[in-house]
Every structure is written in structure tokens, then in C-alpha cells.
Amino acid sequence: MKSSNSCSCSTCTTAILVLLVFLLSNFSYTKAFESQLQLPTSRPSGKRIRASRVINVNQFGAKGNGVDDDTEAFSNAWKLACSLSPRATIVIPNGNIYLVQPIDFIGPCRAKVTLRILGTIVAPKDPDAWYGLNTQKWLYFHGVKHLTVEGEGTINGKGEEWWARSCKVNASNPCHHAPTAVRFHRCMDLKVRGIKVVDSQQMHMSFYGCTRVKVSKIEVIAPAASPNTDGIHISSSTKVAIRNSVIKTGDDCVSIVSNSSRILISDVACGPGHGISIGSLGKGDSWTEVNNVRVDGAFLANTENGVRIKTWQGGSGFAANITFQNVLMENVSNPIIIDQYYCDSPLPCPNQTSAVQVDDISFKHIRGTSASEAAVTFNCSDTFPCRALYLEDIQLVSYIGATRSVCWEAQGSTSGLVSPPPCLSTDDSFIEQKISSTSIHSG
């Protein structure tokens, strides 16, 4: 009996060991199986992963050879992307050149659309391609919310023939509108980043009636002699930020005009071109308002102007609460300038008493070299003098001689080192300034 019990215990022990090995093996196998399945894990409540539908323009018949017309493919890709929800991405593939005629990308869209430009989009070379169409548009985005335009690709306006026909190049040519390469109209929550825009027919990129715009790391390039080729043009827009971008054109690197506010320009390289401008404002006796603008960090080289405010006689309204600071200049003509007698016309502009009021303008920490003797010019209205101008830490020198400041009807104050010496008047000495200041008023 003792031998039998010993055998029985041994058998039980063996059975238990076999069972444990089986269970451990099954557990390891189960875990490995679950790993292969990649079963979903629990997510925090309220957070959902939303997939984006990716649409390639080649799927719609785009050839991408730079010869065949790919406009219809782009249009159909946009219509599909716009109709999807919640997100859609249109891809313009790398290594291809897509010829696109004037085209409208119209919202509103169900999707938050991303246009990812990796290849090159080119415009027709011949201006006659716009016959019967709106000659102020090429790539036109209207009424789109949550749009992103991004990528390392290029948008080429092929503007050479447009420039040749410009009255700015040949006075015998009639003056006509030319397209803006990329135009955003009434768009909200817009992002533009990484792309390059070159050789636009006229302005390269414009924002009209837009809200909450972020532009970053873009390049805008055109020859210095190309007419009216502003880099970025902002009109009737608010909450616009332009950062970390390079702009080299034949006109203003950045221009900010009527009814715009809360604008930030930061870490922008400009030149060649006409500088960073507020205006022109008040053309055609119009009312205008520009306020709360800050240029904070810029490098300007070989530009016709530096930081500038320009207004026409006869206008009304105001340009106020504007700051230009932390700007470095190299060989810049008219580094700091306010011109309330601006006249971009083949004929002399008549003297008028009405003017856009220029008020509360600051220039701080601006240094570099001036290509003109007048490094600081405040040419203000007789009836609406510039008020509350402020200069701080200004050091502008010239390679060819001394620089100077020139003031007309300009009131304000200074702080710290200001060179060339300022010529601003205070309220108390304003009448004396009219007699003693150097006048640059031509009419």
C-alpha cells in the first residue's frame, strides 16, 4: 500500500507539472497572437483619430508633362476633396510639371483640405489664355475654411510676357490688370507654408478679406525689374502672421493696405524690392484704416525703400499703432520713410487738403547702411500732420558720406541714440518747425 501511494503522488505531481507547462505555453501563445492582431487599446474619452483621404491629381488624368492642360484634373480633385469629411489631402506629386489655366477653388468645403504641392504648377505663358476671363486671377481660393497649402514644390506664374506688356516697362503700352498668382479671398483659418512662388504675372500672393492666416517658410522670387510683383499683399484682413520667409521681387516685399489690422511680420528677408510698406492708402479720395501692425525682425538688402508708410493726397481715415523694430538694413535707399504725398502716376497729382491721418508710429532698433543721403524721411500732410512718431536706437550710416533726417509736419519724440540726428518737432515747437525744417514738399 505504501508503494502504491507513492506512485499515486508521483503521478499527481507529474500531471500538475504538465498542466502548468500547458497553461504557460498557452498564455505566451495567446499574448503573441494578440500582438500580431494589434488589438485596439482604450483611448481617452473625447479623442478620436480622424483619417485623411489622400487624392493624387494623377488619378484624375493629370499628365504632369508641362504641355498638356491639367486644369480639369485639378478641378475634379478639388471638388472631390471639398465634398469629403472630415479631412482630405490633394497631392501634386514631385518630379512633374502641371500646366494649369486660370482656376477657382471654391468653398465652403465639408473637409479641412490640405493642398500638398510637391511638384511644379505652371501658368500659361501667353496672356491671351485669359481672354474673356478675369485677368486678376490665376489660382484663386474663395470662401474656404481650414485650408492648408504646403509642400516643397513651386508655383510658377510665367510672368515674362505680362511684364513686357506692362505700362511700367513701356510707357506706350496701355495699363491693364495682370493676375495675382495665388489669391485667397474670404478664407478663414488658413495656413501657407513651405512653398515657393516665382515669376508671378503681377502680385505673387494676396489675402483679401481673410481672417486668421499663418504664412511661414515660403520663398517668393522675381527679377528686380519685374513690375508690380509684390511678394505678399494684405487687404481687408485681420490676424495675419508672416514668419521666417524670403521675398525677392520687383515691388513691395510685403504691402498692407485698406482695412487691415492685427498683422505680424517676423523674421523676413527682403530684397531686391521696394521694402515693407503700409500702403499705398487713400487712392482716389478713398477712406481707409490700417492699425495694430508689427514688423519685428527683418533683414532688408538692396531695396528701394526700407520700412515705409505711403498715402495719397485726398484720402481719409488713419494708419495708427504701427511698429517697425529689430530691422537690419544693407545698402537700402530711404531706410525709414513716411510719404503722405505719394503719387504713382504718369501725371502730377493735384494738391489736396484731405489726408489719411498717420498716428502712433514707432521705429525701434533699426540699424544698417543707407544708399541715400536722407536715411530718415517724414514727409507729412500740411493739414493732417504725422503725430506721435517715436524713434529709439536708430543707427543708419552711409558708405559715401553723412546721412541726415528730413521732416515736414512731423511730430514725435526719441529715446537713446538716434543717428542721423532726428528732426521731429514737439507740440510746443511745431510752429517753429514749419519755418526751420528742411522741406521736401515738392508742391
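The model is predicted, so local features need pLDDT of at least 70 and side-chain atom pairs count only at pLDDT 80 or more, while totals for chains, interfaces and linings use all residues. Residues are numbered from 1 along each chain as its sequence is written, and side-chain values use heavy atoms, with hydrogens and water left out. Helices (H or I, at least four residues) and strands (E, at least two) are DSSP runs, numbered from the N terminus.

**Nonpolar core**

- The largest nonpolar core has 100 residues, and those with the most contacts inside it are F184, F207, F324, F363, I366 and F378. A core here is a set of buried Ala, Val, Leu, Ile, Met, Phe, Trp, Tyr and Cys residues joined through side-chain atoms within 4.5 Å; buried means under 20% relative accessible area, exposed over 50%, and partly exposed in between (1.4 Å probe, protein chains only).
- As background, nonpolar side chains in soluble globular proteins tend to be buried together.
- Take F207: leaving aside residues up to four places away in sequence, F207 touches F184, L190, V213, V215, I232, H233, I234, S235 and S237. Contact means heavy atoms within 4.5 Å.

**Aromatic pairs**

- There are 10 aromatic pairs, counting rings of Phe, Tyr and Trp (its six-membered ring) whose centres lie within 6.5 Å; planes under 30 degrees apart are stacked, over 60 edge-to-face, and the rest tilted.
- W78 and F141 make an edge-to-face pair, at 6.2 Å centre to centre with 75 degrees between the planes. W78 sits in helix α2 (residues 71-83) and F141 in strand β8 (residues 137-142), so this pair ties together parts that are 63 residues apart in sequence. Both W78 and F141 are buried.
- W312 and Y342 are also edge-to-face, because their ring centres are 5.5 Å apart and their planes stand at 90 degrees. That pair links distant parts of the chain, with W312 in the loop between β23 (307-311) and β24 (316-332) and Y342 in the loop between β25 (336-339) and β26 (357-370), 30 residues apart. W312 and Y342 are buried.
- One aromatic cluster is made up of W78, F105, F141, F184 and F207.

**Cavity and pocket**

- The count gives 1 cavity of 30 Å³ or more, and the largest cavity has a volume of about 60 Å³. On a 1 Å grid over the protein atoms alone, a cavity is a set of points where a 1.4 Å probe fits but cannot get out, a pocket is an open set with protein on both sides within 12 Å along at least five of seven lines, and lining residues have an atom within 4 Å of a point. Grid points are joined across faces, edges and corners, and a volume is the space filled by probe spheres set on the points.
- F74, F105, L115, I117, I121, L139, F141, V149, I155, V182 and F184 line the largest cavity. By class, that lining is 11 nonpolar, no polar and no charged residues (Ala, Val, Leu, Ile, Met, Phe, Trp, Tyr, Cys and Pro count as nonpolar, Asp, Glu, Lys and Arg as charged, and the others, Gly among them, as polar).
- The second largest pocket holds about 270 Å³ of space. It has 17 lining residues, and the closest to its centre are H146, L147, T148, D189 and K191.
- β12 gives the most to the lining of the second largest pocket, with 4 residues, and the lining has 5 nonpolar, 5 polar and 7 charged residues.

- A cis peptide bond joins G107 and P108, with omega about 0 degrees; P108 is in the loop between β5 (103-106) and β6.
- Another cis peptide bond joins G271 and P272, with omega about 5 degrees, and P272 lies in the loop between β20 (260-270) and β21 (276-281).
- K158 is not a glycine, yet has a positive phi of about 50 degrees. At 24% relative accessibility, K158 counts as partly exposed.
- E409 also has a positive phi, near 55 degrees, in a residue other than glycine. E409 counts as buried, at 2% relative accessibility.
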